Amino acid sequence: MATLQVRDVVKRYRTVTAVDHVSFSAEAGRILGILGPNGAGKTSTIRMITYITTPDEGEVLFEGQPVGPWSQRRMGYLPEERGLYKKLKVGEQLLLLAELKGLARNDARARIRHWLDRFDAADWFDKKTEELSKGMQQKVQFIATILPEPDLIILDEPFSGLDPINAELLKDIILELKASGCTLLFASHRMEQVEQLCDDICLMAEGKVVVDGPLREVKQRFGKDTVLLEFAGSPAFLDPLVAAERVRIINKTQQRAEVRLLQGTPPRKVLEAALAGVEDVYRFEVMTPPLAEIFKSLVGKRPEEMARDEAPRPAEATA
Amino acid sequence: MRNIWIILKSEFIRRVRSVWFIVITLLAPVLIIGIAVLPGLLTVMLADSDTKTVVVDDATEVLLPRLQAEAGERFVFTPAAAVEGELRAAVRSGQFDGLLELPAELRDGEGQPTYYATESGGLAFGSQINRIVRNAVQTQRLEDQNVGAEVQRIFQERVSVELLTLTDEGTAADGTFVYTLVGYIMGFFIYVAVLIYGSMVMMGVIEEKTSRVVEVMVSSVKPFDLLMGKVLGIGAMGLVQLATWGVLILGGAAVAGSVAAFFIDPSDFDLGADASQEALLEAASITIPSIAPSLIVWFVLFFLGGYLLYASLYAAVGAAVEQQQDAQSFSLPLTMLVIIPILFIVPVADSPNSTLAVGLSLVPFFSPILMVVRAAITDVAFWQLALSYGLLMVTFVGAVWVSARIYRVGILMYGKKPSLRDLVRWFQQA
């Protein structure tokens, strides 16, 4: 049985239906990516899972039981909007959050040492939070999320603001947690990050689930209709194909192009055009379209185009 | 409950160890007493420090010895005959501090003595020289009329009324002055404490909201627990501060007599400037009465009740706004509610048993200040205290209920300032 089941959940704020009959489930030992542009209803859904708010309709089940204060203790939530108490020392901060999850002080202390070590931050215990840089604070917050060893971990945009080295470390730890049998929820509007990590996806737009299921299956449903080219020379060779609406450009630079094949154009057409138009070709690959493209095929717009104008402020976007 | 306790502890420790807290707790009494006492202290110290040498041009030829007899330590009166040359020039050259001219008609009850100096001697000086000359003239004229010693004593007698309070144990020294003072101090303390601790709660909520730490917190605790933990934690900090001040004040009570004495001008009671402290206090009918333990208990109870009521409302205001500027306008109605009892503090203190005073001291938003003032000054019936406190507690529970609902929704709302309609909607939505 799935660890987490979201069943036909609805959340309305005044005139806006932020979450509109959403259902999905997440299983232990797997990472579920909840994807969608800002305002798609991701944060509103997560808030109902974490029992910060309650659904107007439908139900959220954790291990078969409706969520409540009891399930809060077994979940770790790293919100997109992050923050810590500035005046507390790092150690106190982590202790406070761990204690609120029901951990005994001594257990918590040992685990804090362990994780600070792991993040190369052993000497931060007595540092005041306000003295830390933003990236450092983010690490502290991630530690706070996983410290109580929750069974369900919800990470909302966990990589934003992290440098590549720390992002890599975070990714390693996420995979370790997955291997240890945790259920992971990973919300993001950056589709490419999700593709690398998730086992399952749940694509959301305007409060509804657009598509969900194992990532591979979802992608295969769309077939291999995307071509990746790496070359030396000008990408101008693509222009006639685009003009004839045989391909659409997903992205292109001076050495690299990713195009979607339209009207059943065979991949070799693109290769032929390339060979005729560039100095050399280093790479040619026919593959499944990236998630953002799938999103576009389903919703009609690319996720970036749907993102609302304002900064990602969950409450405001849904209020 | 466990979560409230964890948050309470964290809030308490975080604040109590701050430099701000330690400095204010230790220095506030020193500062307040300093501001109250320093002017009086300075006057006395500076005035006592120098002796004035006054040359007296005594046309009556009898008053000078009397002046010298009354002079005390502050004045040296020198006869004009001992001075060579012009008297005013002698003053101007700094040989003397002043010149006192006593016209001959003074003995007949006419004319006016004149004092010349190069600089003003100050208020205290004026009243002192006045008293010395007045006494000298009075005694001289009584003697001139051949009045008997008995009559002279009658004229010099000072009658003062002893004010006593009837109690179960008989009579006790009346402490109206001190009790009123205690009432004012307690009332103002609660006023200041509610405003300061209340806005600390508000700022704390705003900080949680702007730093977004609240997002994580509410995924672990109920918003109500978070709210109560914060309110109680800051309240506990307030109690520690209050207790510390209490101890400091008890220590200070040992010197309270001298403090009170500084406020009294001896000449108001026709006492010499060198009058002893005891004499001063007695003349002003001040005794330091002991404060009843029950008053202290009620004071602490009303302080807590008032704080809890207002702090929970301030927390709701904090949850509604994100900017400190917005907090100002939103908390204004609340601040007004705290100020209203202060406007009534004087009439209530003047007649603590009037219908107005009794009525106001039962109103929950006012009772923390006005009931304490009444209880300090007069014997308030127990049923009034109990009723007032009961109403306060009921209102507190209601306020927490309303606040918690606004708080629950408000802490997760970012962006534009909400309208009053929004607040009502949040309340219904929660």
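**Ground rules**

I am working with a predicted model, where local features need pLDDT of at least 70, side-chain atom pairs count only at pLDDT 80 or more, and totals for chains, interfaces and linings use all residues. Residues are numbered from 1 along each chain as its sequence is written, chains are lettered from A and ligands numbered from 1 in the order in which they are written, and side-chain values use heavy atoms, with hydrogens and water left out.

**Entry: where the chains meet**

I began with contacts, meaning heavy atoms within 4.5 Å. On that basis, 32 residues of chain A touch 29 residues of chain B.

Next I looked up the buried area, which is the accessible area (1.4 Å probe) that two parts lose on being put together, summed over both. Between chain A and chain B this comes to about 2900 Å², with carbon and sulfur atoms giving 54%.

Then came the pairings across the interface. I found 3 salt bridges between chain A and chain B. One I looked at joins the side chains of B:Glu215 and A:Arg47, at 2.7 Å from N to O.

I also looked up polar contacts: pairs of N or O atoms within 3.5 Å, where within protein one must be able to donate a hydrogen and the other to accept it, and residues adjacent in sequence count only if both atoms are side-chain atoms. There are 9 residue pairs in polar contact between chain A and chain B, both residues at pLDDT 80 or more.

For the elements involved I used DSSP runs, numbered from the N terminus: helices are H or I with at least four residues, strands are E with at least two. Helix 3 (90-100) and helix 13 (314-318) of chain A each supply at least two residues of the side that touches chain B. Helix 3 of chain A gives the most to that side, with 5 residues.

By class, I read 13 nonpolar, 5 polar and 14 charged residues on the side of chain A that touches chain B. Here Ala, Val, Leu, Ile, Met, Phe, Trp, Tyr, Cys and Pro are nonpolar, Asp, Glu, Lys and Arg are charged, and the others, Gly among them, are polar.

**Entry: domains of chain A**

The domain assignment, which is automatic or from a database, gives domain 1 (4-214) and domain 2 (224-287) in chain A. I noted 39 Å between the centres of these two domains of chain A, taken over C-alpha atoms.

**Entry: salt bridges inside chain A**

A:Asp151 pairs with A:Arg74 in a salt bridge, with the closest N and O atoms 2.6 Å apart. The two are 77 residues apart: A:Asp151 is in the loop between helix 5 (134-146) and strand 7 (152-156), and A:Arg74 in the loop between helix 2 (69-72) and strand 6 (75-78) of chain A. A:Asp151 is partly exposed at 31%, and A:Arg74 is partly exposed at 27%.

A:Arg283 and A:Glu230 also form a salt bridge, with the closest N and O atoms 3.2 Å apart. A:Arg283 is in strand 14 (280-287) and A:Glu230 in strand 11 (226-232) of chain A, so this pair ties together parts 53 residues apart in sequence. Both belong to a network of salt bridges that links A:Glu230, A:Arg256, A:Glu258, A:Arg283 and A:Glu285.

Is the pair A:Glu293 and A:Arg260 buried or exposed? I found A:Glu293 buried, and A:Arg260 buried as well. Their side chains meet in a salt bridge of 2.9 Å, N to O.

**Entry: positive phi and a buried Asn**

Most residues other than glycine have a negative phi. I therefore noted A:Tyr51, with phi near 60 degrees and partly exposed at 31% relative accessibility. B:Arg212 has phi near 70 degrees and counts as buried at 9%.

My last stop was A:Asn166 in helix 6 (164-179) of chain A. A:Asn166 is buried at 13% relative accessible area, and a polar contact of 2.9 Å joins the side chains of A:Asn166 and A:Asp163.

Notes: A salt bridge is a side-chain nitrogen of Lys or Arg within 4 Å of a carboxyl oxygen of Asp or Glu. Buried means under 20% relative accessible area, exposed over 50%, partly exposed in between (1.4 Å probe, protein chains only).
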